[in-house]
Amino acid sequence: AAMRHLPYFCRGEVVKGFGRGSKELGIPTANFSEQVVESFPSDISTGIYYGWACVGNGDVHKMVLSVGWNPFYKNIKKSVETHIIHTFKEDFYGEILSIVIIGYIRPEKNFDSLEALISAIQEDIEEAKRQLDLPEHLKLKEDNFFHLPESKIVNNH
Ligand code: ADP
Ligand code: MG
């Protein structure tokens, strides 16, 4: 169930999350709106994935993504959160985030301490960086999905 839908292309607005303090940990996660999450394959596995991401018409960067349970909806709805492996000058709430999810890293886990959580995420980030340097994964960085916004496709064709 983790791999069947991959690669998975997805675009949507970045909304406010639940203030779990991801940014304070140095690992901000851009949350997709509920509408985007609803459109996800319902049987996609929770856990950590890697892929490519782009904010607005900006550059395409490596990312790690978590598919988890949304505490705001008593954990009956999923949440999808993207940590882009890049330092941004400003927040980008309200902007359109485009992602392609390429591979699965691991299932969700509970951690005994904040330190254990942070070091697991750092390992996820290193794994994502290694995977995304592989030629077959680099290819998707150049995909038209990131270069042709939907509005342009409508106007030019
Ligand atoms: P929230 O609970 O609102 O999602 P976070 O602490 O997870 O708050 O921070 C997420 C926000 O940080 C994103 O919506 C985005 O505007 C901003 N941000 C800045 N840099 C990044 C990054 N590298 N990856 C993801 N989001 C980032
Ligand atoms: Mg977040």
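**The annotated span and ligand 1**

Tutor: The C-alpha atoms at the ends of residues 3-133 lie 19 Å apart, and this span is 18% helix and 37% strand (helices, H or I, of at least four residues and strands, E, of at least two are DSSP runs, numbered from the N terminus). The model is predicted: local features need pLDDT of at least 70, side-chain atom pairs count only at pLDDT 80 or more, and totals for chains, interfaces and linings use all residues. Residues are numbered from 1 along each chain as written, chains are lettered from A and ligands numbered from 1 in written order, and side-chain values use heavy atoms, without hydrogens and water.

Student: What does UniProt list for residues 3-133?
Tutor: The unreviewed entry gives "domain: Riboflavin kinase" for them; such annotations may be inferred rather than shown by experiment.

Student: Which residues come nearest to ligand 1?
Tutor: Of the 19 residues around ligand 1 (a heavy atom within 4 Å), the nearest are Gly17, Asn31, Ile84, Phe92 and Tyr93.

Student: Which strand supplies the largest share of that shell?
Tutor: Strand E5 does, with three residues. Strand E2 (30-32) and strand E5 (78-84) each supply at least two.

Student: What about polar contacts?
Tutor: These are pairs of N or O atoms within 3.5 Å. An N or O atom in the side chain of Asn31 is 2.7 Å from an oxygen atom of ligand 1. For Lys23, a backbone N or O atom lies 2.9 Å from a ligand 1 oxygen atom.

Note on methods:
A polar contact is a pair of N or O atoms within 3.5 Å; within protein, one must be able to donate a hydrogen and the other to accept it, and residues adjacent in sequence count only if both atoms are side-chain atoms.
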